[in-house]
Amino acid sequence: MSYNVNEKGYYGEFGGAYIPEMLYPNVEELRQNYLKITAEPEFQTEFDALLKDYVGRPTPLYFAKRLSEQYNTKVYLKREDLCHTGAHKVNNTIGQILLAKRLGKTRIIAETGAGQHGVATATVCALMGLECIVYMGEIDIKRQAPNVARMKMLGAEVRPALSGSKTLKDATNEAIRDWINNPVDTYYIIGSVVGPHPYPDMVARFQSVISKEIKEQLLEKEGRENPDYVIACVGGGSNAAGAYYHFLDEPSVNIIAVEAAGLGVDSGESAATSVLGKVGVIHGSKTLLMQSVDGQITEPYSISAGLDYPGVGPMHAHLFASKRAQFISITDQQAMDWGLKLSKMEGLIPAIESAHAFAVLDEMKFKPEDIVVINLSGRGDKDLNTYIDYFKL
Ligand SMILES: *Cc1c(COP(=O)(O)O)cnc(C)c1O
């Protein structure tokens, strides 16, 4: 079985491009060009150089000694928290902006919920001197003031989405409308392995540098390329896709996907898509998503804004349906407790998204000789206020 996308844009039964007719030319232009352009040696040279000198790659693979002792296994952390802007998202925005430039685009649009993808997009637009418009729900603009300020400092225009629930899905609708109206000069940077084909595959490829580096680093540190477990949190699924990518066809590597259970999977306040989701279409892709019996998208909930998404990308839906990956749901409380624990035990304050992944150490039993790699997708600075409120710091 293949876990990668097929030539029609599907992972098993998931994926495809379910888009309005008027969006077809834009998506088709991308589909016809993304593999060709990203395979060009000049593209790769520029991408690699920016990842090295601008993002700070390779990010370290850190052996977490105290965690390893406590859990009696070998725990390694892939340090995406050390990327410029504080998380893995910039790996993807660098790749897409280089692609946009080669397609002759001069105007960049994006949508953002918590603002992390907006910041990563505004950053690379500043780097390349391109116009940047970020759509964001009006409510999210109020909730995420520091990221809005960052985007503005970086020269982006933040446009409020005023319709519907005034959150991420409304911002996405606005971005899509913009792209339909500006098909020639505008490129739409999507922030995770979601959206119509070819976005999920393209974003997974840009993020796959994570597992490429893990292989090289494990070979050097442990004398073998493959870990026994690779663990990552899943919102849309891009950091996880990057951490899994080069291990998908290595059956000895157990793949663990961690979703946000919020207040509990049965509480009505959750974002555990694999448990609660049914097959449906979201953002132009057929995948698993949380919906009511009549097909309305359910509002998800998680304390971490990056995991607060009602679907998962089609690759992850397929990894779930085919049982290639094991899915585990972790509550707000478990994640928050790990945020504090990792800070005290290893001196690393994680993003709350990433903290979910660590809770797997309590949920599963590992052998002393197992190599367990956890993707530390981002640092916790952005979450400081949430930590302060939660722990009364
Ligand atoms: C955005 C974000 C996530 C969730 O997005 P994925 O596409 O699932 O990776 C996870 N961790 C951090 C730190 C984030 O900023």
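**Labels and their cut-offs**

Reply: Serine 208 is found in the loop between α9 (199–207) and α10 (209–222), where helices are DSSP runs of H or I with at least four residues, numbered from the N terminus. A word on the basis: this is a predicted model, in which local features need pLDDT of at least 70 and side-chain atom pairs count only at pLDDT 80 or more, while totals for chains, interfaces and linings use all residues. Residues are numbered from 1 along each chain as its sequence is written, and side-chain values use heavy atoms, leaving out hydrogens and water.

Me: Why is serine 208 called buried?

Reply: Buried means under 20% relative accessible area, exposed over 50%, and partly exposed in between (1.4 Å probe, protein chains only). Serine 208 has a relative accessible area of 9%, so the label is buried. Leaving aside neighbours within four places in sequence, serine 208 is in contact (heavy atoms within 4.5 Å) with Gly242, Tyr245 and His246.

Me: What makes glutamate 353 count as buried?

Reply: Glutamate 353 has 9% relative accessibility and therefore counts as buried. This residue is found in helix α15 (residues 352–358). Beyond four places in sequence, its contacts include Cys233, Leu307 and Lys382.

Me: What joins the side chains of glutamate 353 and lysine 382?

Reply: A polar contact of 2.8 Å. The term asks for a pair of N or O atoms within 3.5 Å; within protein, one must be able to donate a hydrogen and the other to accept it, and residues adjacent in sequence count only if both atoms are side-chain atoms.

Me: Which residues are closest to the ligand?

Reply: Lys89, Ser192, Gly235, Gly237 and Ser238 are the closest of the 17 residues that surround the ligand, where a residue is near if one of its heavy atoms lies within 4 Å. A polar side-chain atom of lysine 89 lies 2.6 Å from an oxygen atom of the ligand, and a polar backbone atom of glycine 235 is 2.7 Å from a ligand oxygen atom. The protein covers 97% of the 380 Å² of accessible area that the ligand has on its own, by the Shrake-Rupley method with a 1.4 Å probe.

Me: Which domains supply the shell around the ligand?

Reply: At least three residues come from each of domain 1 (11–50 + 89–202) and domain 2 (56–87 + 208–391), with bounds from an automatic or database domain assignment. Between these domains, 29 residues of domain 1 are in contact with 32 residues of domain 2.

Definitions and conventions: Helix = DSSP H or I, 4+ residues; strand = E, 2+ residues; numbered from the N terminus.
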